[in-house]
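Here is a short note for a colleague opening this model for the first time. Please read it with the structure in view.

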Amino acid sequence: MDIIEKLPTVKRLMRQLQQVPFLASKNMYRVMSYFLKLDNERIDQLCRVLQDIKKDVSFCNRCFVWQETSLGCLFCDDSHRDQSQICVVESWQELLVIERTEGYRGLYHVLGGVISPLDGIGPSDLYIEQLINRITSGVSEVILAMNQTPEGEATAAFVARKLKGTAVKVSCLAKGVPIGSNLEFIDRLTVSKALADRKPF
Ligand SMILES: [Zn+2]
């Protein structure tokens, strides 16, 4: 009999953690032992914040960036941001990288991933249609800032094709960003330069 069967509460925790994506089984045991050692106060804090994020955090239904629901979108609702530019990123992580360069003052659009047939992710699984619907006369430029991986490039090409019929200028990051690299691992200066030197797609 598996020893875990004799520890039903530990097994329940394990079952929950097994469903957390990106948590390799080797790390799962480390996380479990971390939780088991936490004092009551920390456990309460952790439970409370998990409940609070469900209650208080949502996606902006325009750009799909996380927002504190009561405060509105940090970007769409900020009149100081340039509403004529939309920078398209794969996820929240890349948005943070670009934001940290402090060289971009426009809006964003989070696609929620990249087209990846091998993983069963097609265009309709991403927020591409919602991006096209955002292109109104007030938008003059769409910057495609996908990671320079095969999937990122294919997604950028797909989005660019979709935007072809519109009057909007489509640009992409300059190739200062090493091929096959993820934006999150590149230094701030390189990303900043790639953004400043962007070129027509
Ligand atoms: Zn927004």
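1. Start with burial. A residue is buried if 20 or more other C-beta atoms lie within 10 Å of its own, exposed if 12 or fewer, and partly exposed in between, with C-beta atoms placed from the backbone. Helices (H or I, at least four residues) and strands (E, at least two) are DSSP runs, numbered from the N terminus.

2. Ground rules. This is a predicted model, in which local features need pLDDT of at least 70, side-chain atom pairs count only at pLDDT 80 or more, and totals for chains, interfaces and linings use all residues. Residue numbers run from 1 along each chain as its sequence is written.

3. Overall layout. The chain has seven helices and seven strands. Their order along the sequence is α-α-α-β-β-β-α-β-α-β-α-β-α-β. The C-alpha atoms fill a box of roughly 65 × 40 × 35 Å along the principal axes. Of the 201 residues, 23% are buried. Two residues are in contact if their C-beta atoms, placed from the backbone, lie within 7 Å. Among contacts between residues at least 6 apart in sequence, 55% join residues at least 24 apart.

4. Helix α3 again. It covers residues 40-56. The expected span of a helix is 1.5 Å times one less than its number of residues. For α3 that gives 24 Å, and its end C-alpha atoms are 24 Å apart, so the two agree.

5. The α1 and α2 pair. Two packed helices are described by the angle between their axes and the distance between the axes. Here α1 (residues 8-18) and α2 (residues 25-37) pack at about 130°, with axes 10 Å apart. Axes are lines fitted to C-alpha atoms, for helices over the stretch in contact, and angles run from 0 to 180 degrees between N-to-C directions. The angle makes α1 oblique to α2; under 35 degrees counts as roughly parallel, over 145 as roughly antiparallel, 65 to 115 as roughly perpendicular and the rest as oblique. Leu 13, Met 14, Leu 17 and Gln 18 of α1 meet Met 28, Val 31, Met 32 and Phe 35 of α2.

6. The core. A nonpolar core is a set of buried Ala, Val, Leu, Ile, Met, Phe, Trp, Tyr and Cys residues joined through C-beta atoms within 7 Å. The largest one has 36 residues, and those touching the most other members are Cys 87, Val 88, Val 89, Tyr 108, Leu 144 and Ala 145. β3 gives the most to this core, with four residues. Beyond its neighbours within four places in sequence, Cys 87 contacts Ile 98, Tyr 104, Gly 106, Tyr 108, Ile 143 and Ala 145.

7. Ile 86. This residue lies in β3 (residues 82-89). Ile 86 is buried because 22 other C-beta atoms lie within 10 Å.

8. Most residues other than glycine have a negative phi. Phe 22 has a phi near 70°, and Phe 64 has one near 65°. Phe 22 sits in the loop between α1 and α2, whereas Phe 64 is in the loop between β1 (57-59) and β2 (66-68). Which is buried and which exposed? Phe 22 is exposed, with 5 other C-beta atoms within 10 Å. Phe 64 is buried, with 22 C-beta neighbours inside 10 Å.
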